[in-house]
Amino acid sequence: MDDGKACQDVDECAEEGYCSQGCTNTEGGFQCWCVQGYELRPDKRSCKALGPEPVLLFANRIDIRQVLPHRSEYTLLLNNLENAIALDFHHSRELVFWSDVTLDRIMKANLNGSNVEEVVSTGLESPGGLAIDWIHDKLYWTDSGTSRIEVANLDGTHRKVLLWQNMEKPRAIALHPIEGKIYWTDWGNTPRIEYANMDGSNRRVIADTNLFWPNGLTIDYAGHRMYWVDAKHHVIERADLDGRNRKAVISHGLPHPFAITVFEDSLYWTDWHTKSINSANKFTGKNQEIIRNKLHFPMDIHTLHPQRQNHCGSNNGGCSHLCLPRNKTFTCACPTGFKKVDHYNCADGECLDKFLLFARRTDIRRVSFDTEDMSDDVIPLADVRNAVALDWDAKDGYIYWTDVTTDSINRALWNGSKQESPAGLAIDWVTSKLYWTDAGTDRIEVSNADGSMRTVLIWENLDRPRDIVVDPVGGFMYWTDWGANPKIERAGMDASSRIVIISSNLTWPNGLAIDYETKRLYWADAGMKTIEFGNFDGSDRQVLIGSQLPHPFGLTVHEDKLYWTDWQSKSIQSADKLTGLGRQTLAENLENLMDIHMFHRLRETVRNPCSVNNGGCSHLCLLAPAPKASSCACPTGINLQTDGKTCTPGTKQPLFSLHVYVAPPAGKVYWSDSTLKKISRANINGKAQEDIISTGLMTTDGLAVDAVGRKIYWTDTGTNRIEVANLDGSMRKVLVWQNLDSPRAIALYHEMGYLYWTDWGEHAKLERSGMDASDRVVLISNNLGWPNGLAIDMAGSQLLWADAHTERIESADLNGQNRRTLVTPVQHPYGLTLLGPHIYWTDWQSRSIQRADKNTGTNTITVRSNLPGLMDIQAVDRERPLGFNKCGRRNGGCTHLCLPRPNGTSCACPTGILLKGDGRSCDDSPETYLLFSNRVSVRRISLDTNDHTDVHVPVPELHNVISLDYDSVDGKLYYTDVTLDVIRRANLDGSGMETVISQGLKTTDGLAVDWVSRNMYWTDTGRNTIEVARLDGTSRKVLVNNSLDEPRAIAVNVPGHANTSVVYLQADRRLFFKSDVFCRIFWVDAHLDRIESSDLNGKLRQILVSPVSHPFALTQVPPAPPHPQLSLG
């Protein structure tokens, strides 16, 4: 002491960080101690976690990786991700969870990277924070787009909006399951850090000063503190769990910290600017180190730590749905919208009795009226891109919506299950019919509730029909039209008795609603900014609400209230339906609000004539106003007979769609889709749809079916090829590939053996060849611009074509002579066909189908108008007999393809296979070819033929094939799939697929087969090993496991044999090819953009080719291979 005589005890425990966790001061000394799960190190001051070495798990946007902090060992866990931001893990279940803000998904996988699954895929906008309650098996997340914190089970079920009020931009989230607390940051206009019980109760602000971008947040469970980073203030701070004793730990050298985690005595954080993971002492901020740098874009980061005791127990705490921690106990909670019937149980999870249903373009939501919180809940529906109109049917529990991006109308059960794509909008719940308007085609249509028996009801004098409602009680339908002369119309539900009921003081009449109680029709007008009503005949019109309606859109009525959506105020509102008073805002800050309906189970039961024997109708029974009550109708293309009840198919009709063709006698329609890159077929009634060609297509602009010879021909302007196949897509062959610029239309004349096509490349022309590509000749090459449609008039022995550039439809004889103009001008003709004495064509500019006399071009009429997106057109004539099949007898003596030609037939082989010397037979595969993968498929390129076309190898269940090799002895393909983490093999026809290595793989980037010794070798970038096994996967052995840093490609040099191994490479690493024929190694370098070689010792190095744009893989074709097949990576 100051007197220099007496001694005073020094309290070592008062110095922060003197002991890692617990400290007890004694007279003249101290004692450090550790909490459960830790042990005191030999220094008697710091604590070490029991168990395995700590691992840092971090998101890197395009992948998720692991790093050992004390050794900086760096391994890949998951790759090929879009934009992984937040992550967390479940240690005991060995799961990793992450959010992707590009896909707007929350995903999960095993900690070894296998079994990737979607957990939450709907209703997310920017899920920037994610946390796992590993004790009670719950998933929590923040979404700064929806301004919510939500919770669900680990599989995404029983989803609940936990916190939504006074939220701006919630970002980071951390859980303390033992204490039952949830912590989060919010960097909205008032940045803050808050906490609440994990059931959402007892919410409090614990820090709201000197914050700007509070990004990362973590909890030190042993130290009872929380740490956070602020990217704007460039600081790492800490505080007690209640926000007290706040202190800056590091305030310099932090350009842009993003996420943070803590373990033992260290902090670990990611930094966007330095693209690194860093560490420092959690007490002092000193001893800063770079754990790993030169990362792609480090995001969230976590460390693993032991699991704790489960408060809710093995039976979920007795809760029927969600068991959520609350302080030291728990609360039973219900998914959003479901009411709680007692302390433990929620109402029947299969049934909500009443809810408000509304569309928000990219999702469909509901607001339950069974609970008081009125929070909206996203219905889990797939691929909702632009939902506009809605309706519902309580009888079967279906909701229906239109999607104007996919041009479809879909349905699903109210809970999101059983999603389907029929076509429909307004629901006649009495007879189970769908009615809809289409402003693109200016039509009103109807079908059964499953989309079948579709027919056009009204198509004349429609400008821009918008909303539609049906009244099955009275047999009427009502619709709004906001074209040049806005109006509201009414007609019978069978299109009878059509009248205009409102035609004045309308601008954009949007929503319509029927109130059966008051016998009123309500509508919203976004231009007039009003909600009005009138009687069913339009009389007694009155303005109900005429103020504070910026842009009303959807409208519905239920019981005594009116509900509507408003685009501009981004809200859902309600008011009294009789007075317009008592206005309330039910939900706000909702972008892109569209239609709205009230789902309930109390719709009126109506006796109707269609309920007995379908009203006597063979197909559609439609309700109608009294006294008629009902009438029969037929699906489009089928005619109603004179009895007014029965429908029979028509025999002649033009069919228009994409590039389309109909093949009698089976009556199948064939079409190509250049967006999906497929050729498909179906029955003429739309059933039995199947894809016949789904690989190797780019832009299939022309399609023709040889109904006699049972072949399909097509042009592809993307690949500049003309191909042929059997009608089921088998035995596909490239017919013409040289001197093609942009082949477009195609037509066949089986009896003559001719194939005709147009080419509108730089030098447009019309060509002809045999249907086997023989005797090719240019028929017309002058005065052509964009020769689109092409048709053959067999009866008149003439060729007809449409040219969109010269704006003419012309004809010539079958040799291209006697050319003449039939119709001019035509605006932009595309498809062309013949039926009887007429030609029909589609026109892009006028959006119409036109018809004229095929010989004179006169008597032009418009068959149909207002048809946007018109493409090809083909005539269907069921009465026309098929001609003689030249290949009908024993397939013309051919083993594979028999193709007509002018003077007979010829035999041909599928692409890449040479015809044998007998001129009739083919082998099953080429002699010499290359094999390569493009992740989701394996392809083959034959070196026997000159077209060098890649052919799909039908190996099933490919997810992410990186490396492959071929065993010529057994004829098997070996490949690695890094999504499944397996090595598999299969025959080249896709059969016999089996997994040979299924355990202990992480990222197998290289594979090589030793076909002599019957072994295979592979590299594993995730485990940093090189291994070997027998070809059946047995006798596995690690060859190299040290001094490797992401080994990629591998090749084997078999003494006395030329090597043909497949080798692969990622990013800027190198891959090798060895061959003792030349005693040299060859490799490509994607960073230096070149191909090099050296001798087998790495000497005599030389550059072979430079520059090469990002080379990836390499192989070699020896001049005299000892086995026929070669592989390419």
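Strands (E, at least two residues) and helices (H or I, at least four) are DSSP runs numbered from the N terminus. The structure is a predicted model, in which local features need pLDDT of at least 70, side-chain atom pairs count only at pLDDT 80 or more, and totals for chains, interfaces and linings use all residues. Residues are numbered from 1 along each chain as its sequence is written, and side-chain values use heavy atoms, with hydrogens and water left out.

Confidence comes first. The pLDDT, the predictor's confidence in each residue from 0 to 100, averages 84 over the chain, and 88% of the residues score at least 70.

On a 1 Å grid over the protein atoms alone, a cavity is a set of points where a 1.4 Å probe fits but cannot get out, and lining residues have an atom within 4 Å of a point. Grid points are joined across faces, edges and corners, and a volume is the space filled by probe spheres set on the points. Three cavities of 30 Å³ or more are found in the whole structure.

The largest cavity holds about 100 Å³. A172, I173, L217, D300 and H302 are the closest to its centre among 15 lining residues.

The second largest cavity has a volume of about 80 Å³. Strand β67 gives the largest share of its lining, three residues, while β63 (702-706), β71 and β75 (829-835) are among the elements that each supply at least two. R744, A745 and I746 are included in this lining, as are D701 and D872.

Notes. 1 Å grid on protein atoms, 1.4 Å probe; cavity = no way out; pocket = protein on both sides within 12 Å on 5 of 7 lines; lining within 4 Å.
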